[in-house]
Amino acid sequence: SLEESVGKPLYVTFRNLCQMQEDNSSFSLLLELLSELYQKQPKIGYHLLYYLRASKAASGKMRLYESFAQATQLGDLHTCLMMDMKACQEDDIRLLCYLTPTIYTSVRASGCGATGGGAALRERALSGWC
């Protein structure tokens, strides 16, 4: 099941992040740790997206990905999202197809669609992702 799939050790870190308040110093430290890990293992980005999509504990917490994206060296949501989706496409196309509807909806809801984020995601999807 989906809940069982997010019980692996990496996802425990994501669960802890979801349970923290954003103004908590531990939240910042955990984001910094994930950012450092992301430099060595870029798969962390799309695994965070998967956790936020699949876990009941993360319901309504998609903004955490934006905080994560801003904490990375990439520094912005659009660039980080495009890099993560490209990595996901190369590693697991089925996971990409699972994530795309939620991500597209979240991008549109956040207003990024008006600034090109939604358009770029739509172009990627139409160019053969799914």
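Student: Which helix gives the most to the lining of the second largest pocket?

Tutor: Quick caveat: this is a predicted model, where local features need pLDDT of at least 70 and side-chain atom pairs pLDDT 80 or more, while totals for chains, interfaces and linings use all residues. Residues are numbered from 1 along each chain, and side-chain values use heavy atoms, without hydrogens or water. A pocket is an open set of points on a 1 Å grid over the protein atoms alone, where a 1.4 Å probe fits, with protein on both sides within 12 Å along at least five of seven lines; lining residues have an atom within 4 Å of a point. Here helix 6 gives the most, three residues. Helices are DSSP runs (H or I, at least four residues), numbered from the N terminus.

Student: Which residues line the second largest pocket?

Tutor: Among them are Tyr38, Pro42, Met83, Asp84 and Ala87. Helix 3 (25–40), like helix 6, supplies at least two lining residues.

Student: Why does Asp84 count as buried?

Tutor: Buried means under 20% relative accessible area (1.4 Å probe, protein chains only). Asp84, in helix 6 (residues 77–91), counts as buried because its relative accessibility is 1%. Beyond neighbours within four places in sequence, Asp84 is in contact (heavy atoms within 4.5 Å) with Tyr38, Pro42, Gly45, Tyr46, Leu49, Tyr65 and Phe68.

Student: What else does Phe68 touch?

Tutor: Leaving out residues up to four places away, its contacts include Leu31, Leu34, Ile44, Leu48 and Cys80.

Terms used
Buried means under 20% relative accessible area, exposed over 50%, partly exposed in between (1.4 Å probe, protein chains only).
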